[in-house]
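Hi there,

Here is the structure I promised to pass on to you. Please open it first, and then read my notes below.

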Amino acid sequence: MTVSIAKQGRVAVVTIDNPPVNASSQAVRAGLLQAVAETEADPSVDAVVLACAGRTFVAGADVREFDLPPVEPHLPDVISAIEAASKPWVAAIHGTALGGGLELAMGCHARIADATARMGLPEVTLGLVPGAGGTVRLPRLVEAELALTMIAGGKPISAEAALEAGLIDAIATGDLLEKAVALAAKLGAPRRTLEKTVIGAANAEAFAKSASDLRRKARGQVSIGAAIDAVERGLRLPADAALAEERATFLALKSSDQARALRHIFFAERATLADPRAKQTPRPVTRIGVIGGGTMGAGIASACLMRGFHVTLIERDETSLEAGANRVRGTLDSSAKRGLLPDLDAVVARFETATDYAALANADLVIEAVFEDMDVKKQVFVQLDAVTRPDAILATNTSYLDVNAIAAVLSDPSRAIGLHFFSPAHIMKLLEIVLPDAVSEDVIATAAKLSKSLAKIGVLSGVCDGFIGNRIMSAYRAEADRLLIDGATPSQVDAAMRDYGFPIGVFEMQDMAGLDIAWAMRKRRLAEGKITGAYIRIADRLCEMGRFGRKTGAGWYDYSDAGAQPSKVVLSIIAEERQALGAAGGDFADADVMPRILGAMTREAEAVLAEGIARSADDIDVVMVNGYSFPRWKGGPMFAARD
Ligand code: 3H9
């Protein structure tokens, strides 16, 4: 039974059992309406507890139903029926109460949660606003500022924060259901959330500032502005009017292009590891070695420590080791200050450092993050081959180099794999899992499990120069250079990309990351004969002048206290290179920039797909959205191109 009723004394326990996440699909909604009728009619019932079986409370509406016409009963009507009941309903929350799940809980007359539960209204992340009373009930339970960040920011909060804010009535210590039944038994006449007065903003100015910050950050994502408007209506209008407007906005957004794109990426992210090779029995991993304490190595070490692994960081000498260890400690400290690491001491206790590879004798997995140079990486792997257990997995964090060639130096290449993290590694969600020819399936499965343990989205990639993401990025970067030759300016290209929804444009991005790394890579690829066609020397000439980007105060732009300014030097280099290539230049239309950038992206993506480097077009979308800031609400380049 999707919804069942059991009795505990005079309290009815209504349980939803709809795996995997108890989404409020049609069967759940119908079952709940039936449960309201039955408990109202049953004189032996004084109160009701609403609980869920399995791993979580209701995690929201069933997103798969959103592409189909709505089927009755609708969630707002179910929630209204619960709220109008003559007997008190208590929501017993474990896991996550999200979206329609939290709306259901807010329609109950009291809420109790276990200490690890989380609650939120993440509808904006799916291109929606809450559609079952969330924007009207939440501001009646918590202050307007919090309602705004939860609804328009889509951020869930902890049980502790929910208790402090007034969203829940109690945190259960011990058995949640038992405590919920006890609470229901003594609750008395139901107090309805909708009948409560709106709490409002403690500080109207702070509320207005957060609203305008959120609108600015939305960068074209419609649902964020719509969510702010809905919260403001929830604060201003009578409940009935606000509910009607909320529902109309929800229904209009549900069929919008942005919501469809966001649903696409939601499901694509959950399907990346649906490959049978990733489903073999993984090798156990508790002890991880990280070679190299630079930005990347320290970030990887921090990410692993924060997720419960034991980490040994290796550097070539004491000075570099100290610097690397300090980077790790700095990251851990700042995460602890933001409340992300409740037990910092326990995390630090799992962190060791050494200059001798012998310290890795017991490691289950080693990730090298040393200088991006084939010979250096091969030397590291030769040393690892000598000291590690034969079943230990050896991973390289290279972002471009041939993982087959690195694996080949091992006596058993089947234990080598690529784990391409993105910087900062403790924050970025994407992990490209690069599969050399000889890799064994349980090594793939172990990498897949690791990506989940690190709360990352693992995407399988074949071996090629740059794998999925950097290869596509190189292609659209080259196209951006061609745009300059054809008459565009760097600031024109950057502005067009920002207008499309990228947080920054391709030239600004290069200035931020530093131009020197790509320069070294181009030299290597030129030497290897991998660059064909007309070669555009603009970026090389900037590097020859020491213009490596922000870190040197100059790159594609000039930097000063006043910020980034277009550079006359760069514009004249572009003009010279145009002339050298015999290009006419002239005025370039803004509207012609993005079709060229997107065209280059999708052409390379098609090649990546045809060569079997990426498993699917959806995987490419996941990589570009999560590693390269492709606007999420456009669904990724492949989705955008076929839409
Ligand atoms: C909403 O509620 C609108 C209302 O305001 C108004 C209504 C009128 N639907 O993420 P996982 C599947 S909008 C359908 O890997 P985790 C997921 O595809 C909704 N399916 O697990 C996967 O399937 P499979 C607002 C869903 O433990 C499986 O469940 N709610 C849904 O890492 C496991 O998912 C949200 O936006 C769904 N709503 O994380 C919450 N959710 O195994 C979205 C999950 O076949 N969900 N699935 O690949 C989440 O944030 C996470 O899934 C959750 C669990 C935190 C719950």
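The protein chain's secondary structure comes to 26 helices and 19 strands; helices (H or I, at least four residues) and strands (E, at least two) are DSSP runs, numbered from the N terminus. This is a predicted model, where local features need pLDDT of at least 70 and side-chain atom pairs count only at pLDDT 80 or more, while totals for chains, interfaces and linings use all residues. Residues are numbered from 1 along each chain as its sequence is written, and side-chain values use heavy atoms, with hydrogens and water left out.

Now the overall shape. Along its principal axes, the C-alpha trace of the protein chain spans about 85 × 60 × 45 Å. Of the 643 residues in the protein chain, 53% are buried (under 20% relative accessible area, with a 1.4 Å probe and protein chains only). Among contacts (heavy atoms within 4.5 Å) between residues at least 6 apart in sequence, 73% join residues at least 24 apart.

Next, have a look at helix α1. How far apart are the end C-alpha atoms of α1? They are 23 Å apart, which agrees with the 22 Å that its 16 residues (26-41) should span at 1.5 Å a residue (the expected span is 1.5 Å times one less than the number of residues).

The buried residues of α1 include Val28, Leu32, Ala35 and Thr39. Seen down the axis of α1, its buried residues fall within an arc of 160°, so they line one face of the helix (the arc is that of the directions from the helix axis to the C-beta atoms). An α-helix has 3.6 residues a turn, so residues three or four places apart point the same way. The partners that the buried residues of α1 pack against include β1 (3-8), β3 (47-52) and α2 (75-84).

Enjoy exploring!

Definitions and conventions: Buried means under 20% relative accessible area, exposed over 50%, partly exposed in between (1.4 Å probe, protein chains only).
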